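Here is a friendly note to read alongside the model. Please keep the 3D view open as you go through the points.

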Amino acid sequence: MSAARPLTTLRTIAVVATFPLLLAACGYGSDSKADNAKEKVVAGSSKIDGLDSVKIGYFGNLTHGTALVARQQGYFQKQLGATKAAYQIFNAGPSEIEALNSKSIDIGWIGPSPAINGYTKANGTNLRIIGGSASGGVKLVVNPKKIKSLKDVKGKKIATPQLGNTQDVAFLNWIADQGWKVDANTGKGDVSVIRTDNKVTPDAYASGAIDGAWVPEPTASKLVAEGGKVLLDEASLWPDKKFVITNIVVRQDFLKQHPKAVEAVLKASVEANKWINANPDQAKAAANKQLEADSGKALPAQVLDPAWQSIQFTDDPLASTLNTEAEHAVKAGLLEKPSLKGIYDLTLLDKVLKAGGASTVDDAGLGAE
C-alpha cells in the first residue's frame with residue numbers, strides 16, 4: 001500500500017466524472033447578500049477591535065443550523081455591534097479551509113475531517129477549533145428494493161459527499177468493521193464508494209445511478225422523500241449517540257489579534273444554540289428561512305422535519321470524538337497519524353459559558369498550551 005496522504009491532496013479526485021461537482025459561484029464560496037432586518041447595524045453601536053467586518057463561513061446544511069439561526073435571528077450582528085458580519089457559503093470543507101488560509105474568511109463552521117486535515121497540513125499553524133455546534137444528523141439511506149439489510153450493502157454503489165470528507169471517512173471505517181475491503185482512493189472494492197456532491201446525490205439516487213448514500217442532513221431526508229429507507233443512523237455507532245459533525249474554527253492570527261471579535265461570535269453561537277434548544281419549531285423555521293435566503297429554495301416539511309429532529313445542537317465540541325474520527329481516517333489510509341495537540345482553544349468559549357451560568361467543556365487533552 002502506498003504511503004498515506006493528507007486528505008486535501010486527494011480532493012481533486014473527490015468526485016467521479018459521472019457526477020460533476022457543483023462549485024460555488026464566487027471564489028472559494030458564494031457571498032451571501034440576503035436582506036434581513038435583524039442583521040442591520042444598530043444605530044449608536046461601536047466597532048469591535050476597530051474592525052470594519054468579521055467574515056464568517058458556513059455551509060447551506062442543516063448540520064450548520066447554529067450559524068443559519070444565528071444569522072437569521074441577527075445574533076451575529078447584535079454581538080458585533082457596528083462591525084459588519086459578512087458571510088460566505090461553502091459546499092465543501094477543503095474550499096472553506098483554503099478560504100481560511102487565504103484570509104477570505106476569519107471564522108467558520110466546518111466538519112471535523114477538513115478541520116483535522118487543514119490543521120495537520122499546516123503543521124498546526126493555521127487554525128484552532130474554538131467551539132462546538134452540532135452532533136448527529138448523518139444516515140445511511142438506501143433503495144429498499146435493492147438493499148434490505150446491512151449485509152446487502154456489499155456489492156452495491158453507495159455515495160458519500162467527497163473523498164476524505166467526514167461522512168466518507170465514517171463510511172470507510174464502517175465498511176472495514178464489516179470485514180470488507182475497499183480501496184479508499186478509488187472507492188473500488190467490496191462496496192463501490194461513489195463520491196458526489198450532496199446537491200447531485202438525490203438525482204443520482206432517483207436515476208438508479210447509486211443504490212444509497214451515507215450523507216448528512218438534509219440530503220438524507222431528501223433521499224427518504226425519494227423513496228429511500230434509513231438503514232443506519234451513524235449516531236447509533238457512537239457512545240451516548242454523540243459525535244461531532246460541526247465545529248467552529250478560527251484563524252490563529254485572527255484569534256490572537258482580535259479576541260473580542262471572536263468572543264462576540266461565540267456569544268452569538270451560544271445564544272443561538274440556547275434558543276434552538278428552547279424553541280425547536282421556531283428555530284427549524286428560522287434555519288429554513290436562511291437556507292431559502294441563501295439558496296433561493298426552502299426545504300419542504302417532509303424533508304425539514306425529520307432532518308432537524310436528528311441533529312443535536314451543542315456548544316460542546318465533543319473533542320474525544322474528533323480524535324476518534326482522526327483515527328478512522330488513519331485506518332482508512334487517507335491520513336498519516338496526526339498530532340492534534342493544540343488544535344483546540346476553548347478559553348473564550350469557556351468564558352462565555354461561565355458568564356451564562358453554564359458548565360465549561362473539555363478539550364480531551366488537545367488544547368493549545
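**Aromatic pairs in the model**

1. Let us start with Tyr87, which counts as buried at 5% relative accessibility (buried means under 20% relative accessible area, with a 1.4 Å probe and protein chains only). Tyr58 is buried too, with a relative accessible area of 0%.

2. A word on the basis: this is a predicted model, where local features need pLDDT of at least 70 and side-chain atom pairs count only at pLDDT 80 or more, while totals for chains, interfaces and linings use all residues. Residues are numbered from 1 along each chain as its sequence is written, and side-chain values use heavy atoms, leaving out hydrogens and water.

3. How many aromatic pairs are there? Rings of Phe, Tyr and Trp (its six-membered ring) pair if their centres lie within 6.5 Å; planes under 30 degrees apart count as stacked, over 60 as edge-to-face and the rest as tilted. By this rule the count is nine aromatic pairs. One of them is Tyr58 with Tyr87, edge-to-face at 6.2 Å centre to centre and 75° between the planes.

4. Why does this pair tie together separate parts? Tyr58 lies in strand S2 (residues 53-59) and Tyr87 in strand S3 (residues 84-90), so the pair links parts 29 residues apart in sequence. Strands (E, at least two residues) and helices (H or I, at least four) are DSSP runs, numbered from the N terminus.

5. Tyr58 and Tyr87 also belong to one aromatic cluster with Phe76 and Trp109.

6. Now look at Phe171, which counts as buried at 0% relative accessibility, and Trp214, buried at 1%. Their ring centres are 5.3 Å apart with planes at 35°, so the pair is tilted. Phe171 lies in helix H5 (residues 166-177) and Trp214 in strand S9 (residues 212-216), so this pair ties together parts that are 43 residues apart in sequence.

Terms used: Buried < 20%, exposed > 50% of the residue type's maximum accessible area, 1.4 Å probe, protein only.
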